[in-house]
Amino acid sequence: MQQHKLLLAALAVSLFFMHSTVSLATDSNSVKQQSWGNLPIQIGLSGLFSAGGSSADNDELSGLQAGGHDPNRNGFTVQNVELSLSSTVDNYFDAQANLIFLIDTEGETVVELEEAFLTTRGLSSGLQIKAGQFFTEFGRQNKQHPHTWAFVDQPVILSRLFGGDGLRSQGARLAWLMPVGWYSELYLGAQNANGETVTSFLFAPGEEVAGHTLQERSANKGSELLYNARWLNGLDLSETVSMNIGFSGLIGPNSSGADTDTVIYGADIYLKWQPLRSQRGFPFVAWHTEFLKRDYDAGDVTDPSHETLKDSGGFTQVLWGFKPGWIAGLRYDFARANGNTATDPQRDNRTRISPNVTWYLSEYSKLRLQYNYDKTEHLADNTNHSLWLQYEFNIGSHAAHTF
Amino acid sequence: MKTFVIACLWCVTLLTVPQSQAALQIVTTTEDLAAIAKAVGGDHIKVHSLTPGSRDPHFAQAKPSMIRKVYGADLLLLIGADMEIGWLPPLLRSGRNSQVLPGNPGYLDLSTTVTLLGKPTGPVTRDMGDVHTQGNPHYWLDPKNGLLMAQAITERLVALDPDHSNAYQRNLASFQQRLTDKMKEWQATLTPLKGDKVIAYHTSLIYLATAFGFQIVDEVEPKPGIAPTAAHLNRLIKRIEDDQIKLLIMESYYEQRSAKFLQDKTGIRIGVIPQSVGAMPGIGDYIQLFDTIATTLKQAGTF
């Protein structure tokens, strides 16, 4: 009964917002484009919010919706307000910074330097260097900012292996556009391994991973960095079908012991069909799938509690843009781990099925309604239902249409 | 195993050996630019259009295969006026080819070579829909602009590849001659349209209207890029009847339900035109584009 009430309430809220946001979109998007068009700096502000509810209570939701930008409580969530600045620095570099603002479950406003980096403009031999603070080149989803996600929340396996905020850190990476007949790019990167945005590595001392308390571990040796490789290929299979296929790997120290490492590897594929005749990019069908595995050395070999934690999972999602502005989506998420994991919200057997519908009112605003059917082991009620309505605005510079 | 490795290495070598560097590599954002470049560049250039003429170039995506093309380009031709704003900047950032970045000899924005129409005069807000602040970017639909574009492309080809300067100039002269002759023919075909009030689907046909002397008085879209609403279509029905508007012109990539609805209610005739080279089978160059537009409008207007 409780569940039904919640779902009804969420539906009522969604209908309310369907109306009010439509009028908001036409009244308040009064950005003077003139002033952006020729400015040497591109400035954009994107606001992403959600309203909804779940059969799980707010405490339980923090385990179910573990992503830092996921809707994570019954009621309203400010998922992500992102200020993005980018420009050409000079003849040698382009630069970009993304600052994010959000309001956490305690009601505190949080500001984060999500990314700030330089990229080179014209190195020879197909090389490009990026340096600063940035999302690690791993898979397709990790680098995407919340306002470009196809679902209201991030895949379960990414929250587990990369933490709530996605895997990002300070460092540098080299990208090489390989001299072959198709698009093939090799990324090699090194980033700092400590902090709360690299949870599988030198995460905050005192935190626990599968019962192993993390310790202070000095990351002052050159070897104590996070090393990353990614090989991405892009092919046009026909005039209407394009594909990306990538393989990624990561290795770095973790703080469950003095000499313990974590290895994560994964594969991702993205296929998109769009007929030769299409209006505003519609119709289309896009299929995106990723698999990830983690081997986490927990505790030093000399430690009696030493074990290797093995986690794996993935997601597969299909988007169907059935008419201009309208997209229907379906995602299947799964994650599992070895050992006795039934009570651990970050390692239990988990599956989630998420159908959604997104309506882009214009290129600058959208509404999205998503239902999550969640199966967990760690909650007393193994099955949970959630319904979220998401709404977004973009003002300032034109957003990029990336593949 | 050994033969496999050798075979692999051989494949990689084959793929990496640069294909005949003699021809200038030209990448264009649309097929119209590619067609004009081909007409003046002839065999001395290799042209590749990043988007097909059957899709709206504003809504393309920066696909990885495009990165490869931009990386290998000697010259990039673009429509400009924010037409490619969504996808060309990220593509140029990934393309790591400083030769084709803005301000360099390999970057040619053709919107700077023509006079843009429809430049908003008052303050612009996004409440007005997809308004291009620098002016309407569909300028290739006036064949007179085609002459200017061909001229500008030729000048750039000559600067980048002076060895073939004579050939480029010759091709330009012949292209301009053919186009000028054809323009007279199209003008003659479309004379009955002169002064007529016409409805378009999107604000994309003002150059075509200017070229052939008809007036676009309204659009099927209530605001540029905003899907037609029932209220707007009803208002259009009244307008079509009041002003006795006979013809609705639209590009082939738009939905045709709204236009058919207006036709059912008012009997207005619909001309579905190719807006670009490659938009329909059989349109392989810039002259064929206007041949087809003229024939289509003639049939739709039944004159």
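This is a predicted model: local features need pLDDT of at least 70, side-chain atom pairs count only at pLDDT 80 or more; totals for chains, interfaces and linings use all residues.
Contact here means heavy atoms within 4.5 Å.

**Stop 1: α6 and α10 of chain B**

Select residues 165–189 of chain B, which form helix α6, together with residues 286–301, which form helix α10. Their axes are 10 Å apart, and the packing angle is about 0°. Since angles under 35 degrees count as roughly parallel, α6(B) and α10(B) are therefore described as roughly parallel to each other. To display the contact, show Phe175(B), Arg178(B), Leu179(B), Lys182(B), Glu185(B), Trp186(B) and Thr189(B) on α6(B). On α10(B), the partners are Tyr286(B), Ile287(B), Phe290(B), Asp291(B), Ala294(B) and Lys298(B). Coloured by class, this contact shows seven nonpolar, one polar and five charged residues.

**Stop 2: α5 and α6 of chain B**

The α5(B) side of the contact includes Pro143(B), Leu147(B), Ala150(B), Thr154(B) and Val158(B). The α6(B) side includes Tyr168(B), Leu172(B), Phe175(B), Leu179(B), Met183(B) and Trp186(B). By class, the residues of this contact divide into eleven nonpolar, seven polar and one charged.

**Stop 3: α8 and α9 of chain B**

Move to residues 230–243 and 257–266 of chain B, helices α8 and α9. Their axes come within 10 Å and cross at roughly 45°, so the two helices are oblique to each other. The crossing of α8(B) and α9(B) is right-handed. Select Leu233(B), Asn234(B), Leu236(B), Ile237(B), Ile240(B) and Glu241(B) in α8(B), which meet Ser258(B), Phe261(B), Leu262(B), Lys265(B) and Thr266(B) in α9(B). This contact comprises six nonpolar, three polar and two charged residues.

**Stop 4: the two domains of chain B**

Now colour chain B by its domain assignment: residues 22–184 as domain 1 and residues 185–301 as domain 2. The C-alpha centres of these domains of chain B lie 25 Å apart. Domain 1 of chain B contributes 33 residues to the contact, and domain 2 of chain B contributes 32. About 2700 Å² is buried between the two domains of chain B, with carbon and sulfur atoms giving 59% of that area. Within domain 1 of chain B, highlight Leu117(B), Leu141(B) and Lys182(B), which lose the most area to domain 2 and together account for 24% of what that side buries.

**Stop 5: two backbone features of chain A**

Most residues other than glycine have a negative phi, and most peptide bonds are trans. Which peptide bond of chain A is cis? Select Phe282(A) and Pro283(A): the bond from the former to the latter is cis, with omega near -5°. Pro283(A) is in the loop between β12 (260–273) and β13 (284–298) of chain A.

Finally, centre on Ala210(A), a residue other than glycine with a positive phi, near 50°. Ala210(A) is located in the loop between β8 (208–209) and β9 (212–213) of chain A.

Notes:
Residues are numbered from 1 along each chain as its sequence is written. Chains are lettered from A and ligands numbered from 1 in the order in which they are written. Side-chain values use heavy atoms; hydrogens and water are left out. Axes are lines fitted to C-alpha atoms, for helices over the stretch in contact, and angles run from 0 to 180 degrees between N-to-C directions. Helices (H or I, at least four residues) and strands (E, at least two) are DSSP runs, numbered from the N terminus. Angles under 35 degrees count as roughly parallel, over 145 as roughly antiparallel, 65 to 115 as roughly perpendicular and the rest as oblique. A crossing is left-handed if the near helix is turned anticlockwise from the far one by less than a right angle, and right-handed if clockwise. Ala, Val, Leu, Ile, Met, Phe, Trp, Tyr, Cys and Pro count as nonpolar, Asp, Glu, Lys and Arg as charged, and the others, Gly among them, as polar. Domain bounds come from an automatic or database domain assignment. Buried area is the accessible area (1.4 Å probe) that two parts lose on being put together, summed over both.
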